[in-house]
Amino acid sequence: MKHILFTLKGCPFELLDDKDFIRRLLFNTTKECKSSLLNLAVYKFEPQGVTGIAMLAESHISIHTWPEKNMAVCDVFTCGDTATPENGVEYMKEQLKATDIVSNE
């Protein structure tokens, strides 16, 4: 079992505020983690911000964005021996073009 909480900083406003991008990000992060996707929910706030969660057979991946602060707070929680949550964290950092990451496992 691994649970990684992390904050991505310096991300572009446009990516953090794009509901479809966040949906694709969660979908692809599931693959990067070698996990099984059960369900995916994404919500767009007004005037900005997106929250999303990927429910996994192994647990979950979540993201909450603050475009006005150029940051996202995320977590990847996996159980079992085959999942690779570290790969998912790195993938999210790259895709969101973060300039900094603060992480706790």
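A: Threonine 84 is located in the loop between S5 and H3, where helices (H or I, at least four residues) and strands (E, at least two) are DSSP runs numbered from the N terminus. The model is predicted: local features need pLDDT of at least 70 and side-chain atom pairs count only at pLDDT 80 or more, while totals for chains, interfaces and linings use all residues. Residues are numbered from 1 along each chain as its sequence is written, and side-chain values use heavy atoms, with hydrogens and water left out.

With a relative accessible area of 16%, threonine 84 is buried (under 20%; exposed is over 50%, partly exposed in between; 1.4 Å probe, protein chains only). Apart from neighbours within four places in sequence, threonine 84 is in contact with Glu32, Cys33 and Lys34 (contact means heavy atoms within 4.5 Å).

As for the sheet, 6 strands form an open, antiparallel arrangement in the order S2-S3-S4-S5-S1-S6 (two strands pair if DSSP finds at least two bridges between them). Strands S2 (37-44) and S6 (100-104) stand at the edges with a single partner strand each, so one side of each is left without a neighbour in the sheet. S2 pairs with S3 (residues 50-56) in the antiparallel sense over 7 bridges, and alanine 54 in S3 is the bridge partner of leucine 40.

Helix H3 (residues 85-95) packs on the sheet, touching S1 (2-9), S4, S5 (71-78) and S6, and its direction makes about 10 degrees with that of S1 (axes are lines fitted to C-alpha atoms, for helices over the stretch in contact, and angles run from 0 to 180 degrees between N-to-C directions). Helix H2 (residues 19-32) lies across S2, S3 and S4 (59-66), running at about 160 degrees to S2.
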